[in-house]
Structures are given as structure tokens and as C-alpha cells.
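Please consider the structure below with attention to its side-chain contacts. The discussion takes up aromatic pairs and then salt bridges.

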Amino acid sequence: MYNYYNKIYIRDYNIFIDKNIEKLDVALLCNNDIDINIIKKYIYKNWHWYCLSCDYKFPLDFLKDYYMLDLSWYNLSKKEYYTYNDINNNIDLPWIWNQVSHNPNITWDIINNNDNLWDINMVSTNKNISIDIIESNIN
């Protein structure tokens, strides 16, 4: 449960990071509570981009501005945080389509109405698309 104490912790954590970043091994800083502005301010540091890509909710504007970083697009592509509209409206980003196929926001209607590189194996593991739906819609 997110409460007042979580807010205090997050605020204090970010103040600590900002104040001590030059002394810290940033590769160890893989925490969802890091403020995006601190990441941007210290973008030159050796962040653990793979780890952050697994759990952190990068805003789309960050992904657009910093897509060339060593982010895990494999993990970002399947995150529930990004909707199909987010992905489709930013098609120039290096989304991994077999993972987009697994994204829980993807529905059969989206697949049926959009000609993308869908991966039927990953679609079949998508929690929103049953095997019955797939079998009844295969042409």
C-alpha cells in the first residue's frame, strides 16, 4: 500500500541520490523510486539500463529522447505500462514485436485490425487472448 511513509522515503531517497551520486556506483542504482529528473540530470553516469528497463516506468518522452541508450527494448516492449497506442504512435522506437505481442494491452481486435509483425507464439501466451480466440480467427 502506497502511503505517506512511502512518499517520505521516495523524497528522501531521491535527495540522497542527488546529493551523493558522484560517490555512488550508479550500476547498483536499480530502483523504481529514482526520479526521472535525476536520471536525466546524470544521464552520463553508468546506469544499469537493463535493470531499469525491467522495472522502471520510463515516460515515453524519455524513450524518444534517449532511445539510443542500452535500454532493454525486449523488456520495455512487453510492459503493461505502454499501451498499443503508445507503441503505434512511436513506431520509430526499436520495439521488439514478438514482445509487443505478449504485452497485456494487446487484444485480438488490435492484432486483427493492425498489420504488424505479430508473433503468434507470443500472442498465444498473452493473458488477454485465449487459444479459442486464436483458433476461431485463424484464416
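A residue is called buried when its relative accessible area is under 20%, exposed when that area is over 50%, and partly exposed in between. The model discussed here is predicted. In it, Trp-73 has a relative accessible area of 8% and is therefore buried. Trp-95 is likewise buried, at 6% relative accessibility.

A pair of aromatic rings is described by the distance of the centres and the angle of the planes. The structure contains twelve aromatic pairs. In the pair formed by Trp-73 and Trp-95, the ring centres are 5.2 Å apart and the planes stand at 90 degrees, so the arrangement is edge-to-face. Because Trp-73 belongs to helix H5 (residues 73-77) and Trp-95 to the loop between helix H6 (84-88) and helix H7 (97-100), this contact ties together parts that are 22 residues apart in sequence. Elsewhere, one aromatic cluster is formed by Trp-47, Trp-49, Tyr-56, Phe-58, Phe-62 and Tyr-66.

Charged side chains supply two salt bridges. One of them joins Lys-41 to Asp-18, with an N to O distance of 3.1 Å. Lys-41 lies in helix H2 (residues 36-41) and Asp-18 in helix H1 (residues 4-20), so the bridge ties together parts 23 residues apart in sequence. Lys-41 is partly exposed, at 49% relative accessible area, and Asp-18 is partly exposed at 30%.

A salt bridge also connects Lys-45 with Glu-22, whose closest N and O atoms are 3.4 Å apart. This pair links distant parts of the chain, 23 residues apart: Lys-45 sits in the loop between H2 and helix H3 (49-55), and Glu-22 in the loop between H1 and H2. Lys-45 has a relative accessible area of 16% and therefore counts as buried.

Key
Residues numbered from 1 in each chain as written. Predicted model: local features only at pLDDT ≥ 70, side-chain atom pairs only at ≥ 80, totals over all residues. Heavy atoms only, no water. Phe/Tyr/Trp six-rings, centres within 6.5 Å; stacked < 30°, edge-to-face > 60°. Helix = DSSP H or I, 4+ residues; strand = E, 2+ residues; numbered from the N terminus. Buried < 20%, exposed > 50% of the residue type's maximum accessible area, 1.4 Å probe, protein only. Salt bridge = Lys/Arg side-chain N within 4 Å of Asp/Glu carboxyl O.
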